[in-house]
Amino acid sequence: MSEILIHTENLSFSYTDETGADEHPALDGITVDIKKGEYVAVLGHNGSGKSTFAKLLNLILEPTGGRLVIDGIDLTDHEISDEELLRLRRTVGMVFQNPDNQLVATIVEEDVAFGPENLGVPQPELRQRVDDALEAVGMTSYAKHEPHRLSGGQKQRVAIAGVIAMMPKCIIFDESTAMLDPSGRKEVLDTIRMLNREHGITVLNITHYMNEAAMADRVLVINDGKLLLDGTPDEVFAQRELLCEVGLDVPQCAALIHELRAAGLPVKGDRIATTEGCVEMLAELFENLETR
Ligand code: ADP
Ligand code: MG
C-alpha cells in the first residue's frame, strides 16, 4: 500500500477580523489523505478556501481546528520543534500564481539557489542541486540570464526550479498557470507532469482550468471551505449538475457528452474527463448507430 504523505481530519481555519473575532471559517472540516506520488487537482470557485488549504499544508498558516499530519509529523498534537519545522518546510514546496513575485535574485541561477541556501545546503551540493533543478525544468541555458527578461512560462519554470532545488516530496501549485499564455501554460503543465511521473513528486495543482484538472489522477472539489467531491476526473466530471450549482464547469468534451445524453443519445461509458476518453465513447456510439 502506498504511504500517506498528507493526512487531514476535520482540518479547519478561520481568519480573524480587526476586532480579533473569528470570521466565517475559510476552511471548514476537510478530511482527506494524499498518498506519496499522487497527482491531485484542487478545484473550487474564488473564495472557496483553496489557497487557505494550500497555506495550511505549507505551514504558512496554523490550523484553528482539526488534525494535520505531514510526512508522519502531527502538527496539531504538540509544539513543533525547529528541527521538525525545517524538515516540514523541505517536504512541501509551493509555487504561486504571479511569477514576478517569486523571483528574488537578479540572475536565474542565484534565484534557484536562494531556497536551498536558506535551508543551509553547503557547496558543492548547492551547485549540483541548482544545475539539476535547472536541467529538470529545461532552463539550463538561461542560468546566467536575468529573470525579468524571461517569458511568463520561463519565469514560472525558474520558480519551480527554485522549489525543486529544495528537494521537496510534495509541490503545491496555487493557480501557477493562471497568468500565463497558452504556450506558457503548456510549458508549466508539462514540467508539473514530468516532476510527478519521473521524479515521483506528489503534486497538488490548484486550478481554475477544468482540462488541467482532467490531467490529474484525482480531483478534489472544495466549496465554501468544505470538501464537496473527491474522485478520479471521470467520477468528478460526471457530476455536472452539482459542479454547476457551485459555479464550476466540466471540460468541454464532458459537456458535449452530457448534452448528447440529455438529447437522448445512448452514449455509453464513463471516460468523460479527457478528450481521448470522449472520442472513444463517441466512436462506439457511431458504430452502434450504424449497425442498428
Ligand atoms: P480561494 O483560494 O479558493 O480563492 P481563499 O483560501 O483565498 O480562497 O479564501 C477563502 C476565504 O477566506 C474567502 O472568504 C476569503 O475572503 C477569506 N480570506 C482569504 N484570505 C484572507 C485574509 N488574509 N484575511 C481574511 N480573510 C481571508
Ligand atoms: Mg486562491
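**View 1. Ser51 and ligand 1.** An N or O atom in the side chain of Ser51 sits 2.9 Å from an oxygen atom of ligand 1. The model is predicted. Thr52 also uses its side chain: one of its N or O atoms is 2.5 Å from an oxygen atom of ligand 1. Gly49 takes part through its backbone, where an N or O atom lies 3.1 Å from a ligand 1 oxygen. On its own, ligand 1 has 550 Å² of accessible area, and the protein covers 58% of it.

**View 2. The shell around ligand 1.** Tyr15, Glu23 and Ala26 are among the residues around the ligand. The shell also includes the run His45, Asn46, Gly47, Ser48, Gly49, Lys50, Ser51 and Thr52. By class, two residues of this shell are nonpolar, seven are polar and two are charged.

**View 3. Helix α6 from end to end.** Helix α6 covers residues 182–199, 18 residues in total. At 1.5 Å a residue, α6 should span 26 Å. Its end C-alpha atoms are 25 Å apart, which agrees. Gly200 follows α6 and has a positive phi, near 70 degrees.

**View 4. The buried residues of α6.** Gly184, Arg185, Val188, Leu189 and Thr191 are among the buried residues of this helix. Ile192, Met194, Leu195 and Asn196 are buried too. Their cover includes the strands β3 (39–43), β7 (170–174) and β8 (202–206). Helices α4 (125–136), α5 (152–164) and α7 (210–213) also contribute to that cover.

Technical notes: Residues are numbered from 1 along each chain as its sequence is written. Chains are lettered from A and ligands numbered from 1 in the order in which they are written. This is a predicted model: local features need pLDDT of at least 70, side-chain atom pairs count only at pLDDT 80 or more; totals for chains, interfaces and linings use all residues. Side-chain values use heavy atoms; hydrogens and water are left out. A residue is near a molecule or strand if one of its heavy atoms lies within 4 Å of it. A polar contact is a pair of N or O atoms within 3.5 Å; within protein, one must be able to donate a hydrogen and the other to accept it, and residues adjacent in sequence count only if both atoms are side-chain atoms. Accessible areas come from the Shrake-Rupley method with a 1.4 Å probe; for residues, only the protein chains shown count as cover. Ala, Val, Leu, Ile, Met, Phe, Trp, Tyr, Cys and Pro count as nonpolar, Asp, Glu, Lys and Arg as charged, and the others, Gly among them, as polar. Helices (H or I, at least four residues) and strands (E, at least two) are DSSP runs, numbered from the N terminus. The expected span of a helix is 1.5 Å times one less than its number of residues. Buried means under 20% relative accessible area, exposed over 50%, partly exposed in between (1.4 Å probe, protein chains only). Contact means heavy atoms within 4.5 Å.
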